[in-house]
Structures are given as structure tokens and as C-alpha cells.
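User: Could you walk me through how to read a few features of this model? I would like the general idea and then the case at hand.

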Amino acid sequence: MSHYLELIRIKFTESGKVPLFSMSVSAGKPIPIEDDIEGEIDLNEYLVEHPAATFFARFRSKTDTFSGISDGDLLIIDTSLNPTDGKIVVVGYRNETTLKIYRIINGEEFFESYDGKLLTRRIEPLIELKLLGVVTKVIHSF
Amino acid sequence: MRAKKKGKIKKKYYYEAELFPASIPLSPANYEPELIQIDLTNILAPIPKNIYLVKVNGESMIEENIFDGDILIVDKNEKPKDGSIVIAALNGELTVKTFRIIDEKAYLFSANQRFLPIEIGELMQFEIQGVVKHVIKNLV
């Protein structure tokens, strides 16, 4: 396994509003002032669409990146969404949780590893790779 | 690259969260998760009044993994260091660049080799408007 995920379960306790500013690009005005407020967006709503069905995870890998996701990135994962082909998903197998790319090939579901290997969902008669959720947002810090 | 929209974070909010160590499944029967409180504002905007958001428009920073449509969280009070990713107002246009100091001269680099570095000249209208701290990508 080239990477692992630190799973974080969230519970909302308060919501936050973020004023949205509109910038005129060509004018290149400095930091926006109150007059420029275009509206308010809720950062919680922006980042988390389905709070009750969402958890966070931190991506950990010493050596690899996964589709541009690198060590320490914070992932927001929605367990209520059905993935479509090409989406990044969190997959559980035994005690491991990893990222995979969801693939549909000729109507059959596959999970693609970072090295391009395709895994079928059912890998042994009784053991199934568990689809835990779809990664909706990635937060990378500099 | 152009920066389109800005937002400012005002209010603090909290997530109460259970932190699972690595490789523990979501519903472990015999595992007591540590209850922690995650404050997203602390992670993304420790001093909310210093923070604003910018939506990226353009592809001049793709080698820094910043893409069209990403949201940048910018600290307007942080002083840029050599290598910082900054929002710069340059000749009347907002841009996202890498700030470099080489032989005491300031440059703005694009993280895309198709764009040439810009040396900051005395006659240029130029202002650093903040250091990019986080980038948020939408995957769905």
C-alpha cells in the first residue's frame, strides 16, 4: 500500500457565513472593501453538501501522489453520492482504507489503483471491497 | 492567470469530530475513537479578518497543482518569502504567481513553463496582495 488515509468523522455544531466579493480584474483594485460584497456564502455549505453523510480524511503517503493529491491533503468525502466513471473514491478492504479511481467498463464496476491496476469489487467469494464514499473536495496547504 | 472573485471569512465555526488512526475502518466494533473538535477556521483561516478567497481563472500555475476553477485561501497580511505563491496586482491585473528573490531582485514566476518569469521593475505597477495558504479543489 503506497498510501493510507487518516479518517475523521465530523459533526456540525455551528455554521459560518462568508461574504463573497466581486472583483473587477482589469481595475486590479486592492483588498476588497465592504462595498464590494456581492453576497454571502456559507463555507460549510460550500465545502460540505451533505453534513450527515460526510467525513474527512487526511491523505498520507511518503512517496506517492494520487491524481494530484499529496501527503497531508485534507479530503472531504461524501458517503451519499453514487460515483460516476473517473471519480476518486475511498475504498475499504479489511482494515485498510485507500483511494481508488472508480471505473465502469462494459457495465462492470472496477476500482483502479494508483499504479493503474484494476480490481473487481468482489475479490474473494465472501470479501468485497467496500465503497465508503466519493471524494468531493481536496484541500491542499502550502 | 486571473483572479476573479474574492470572499472574506468572518465567523468562526467548529466541527466536532472523532479522529480515527490510520487504517481503522469506519465502524470498528471494538474501537473507541478519540473525540476531537476540528475547527476548520483554525485550519483554513486562523485570523479570519486577514483571509480572503479567490477563484482561479486560467492555467498559468498548473505545475504547482493549481487549476482553473480552484479556490485559493489567501492571507493578505503575510509577508511573501522566496518561493511563496502570491496574489499580485501587476499593471492593473490580479495574477497568481510564485514570488522569487534572486540576487536581491524580485521576480514573479508562473508554474507553467510556457509563461516567462516577470522581473519586477521600478516602473511597473506592482503590489503583493497576499500569500496563498490553501487551495480547494472541487472533484465532483
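**Reading the fold and the core**

Analyst: In chain B, 60% of the contacts with a separation of 6 or more join residues 24 or more positions apart; in chain A that share is 58%. This is a predicted model, where local features need pLDDT of at least 70 and side-chain atom pairs count only at pLDDT 80 or more, while totals for chains, interfaces and linings use all residues. Residues are numbered from 1 along each chain as its sequence is written, with chains lettered from A and ligands numbered from 1 in the order in which they are written.

User: Which elements does chain B have, and in what order do they run?

Analyst: Helices (H or I, at least four residues) and strands (E, at least two) are DSSP runs, numbered from the N terminus. Chain B has one helix and ten strands, in the order β-β-β-α-β-β-β-β-β-β-β. Chain A also has one helix and ten strands.

User: How many of the residues of chain B count as buried?

Analyst: A residue is buried if 20 or more other C-beta atoms lie within 10 Å of its own, exposed if 12 or fewer, and partly exposed in between. That applies to 34% of the 140 residues of chain B, and to 33% of the 142 residues in chain A.

User: Which residues touch the most other members of the largest nonpolar core?

Analyst: Such a core is a set of buried Ala, Val, Leu, Ile, Met, Phe, Trp, Tyr and Cys residues joined through C-beta atoms within 7 Å. Here it holds 51 residues, and Ala57(A), Leu75(A) and Leu72(B) touch the most other members. Strand β4 (residues 51-57) of chain B gives the largest share, five residues.

Methods:
Contact = placed C-beta atoms within 7 Å.
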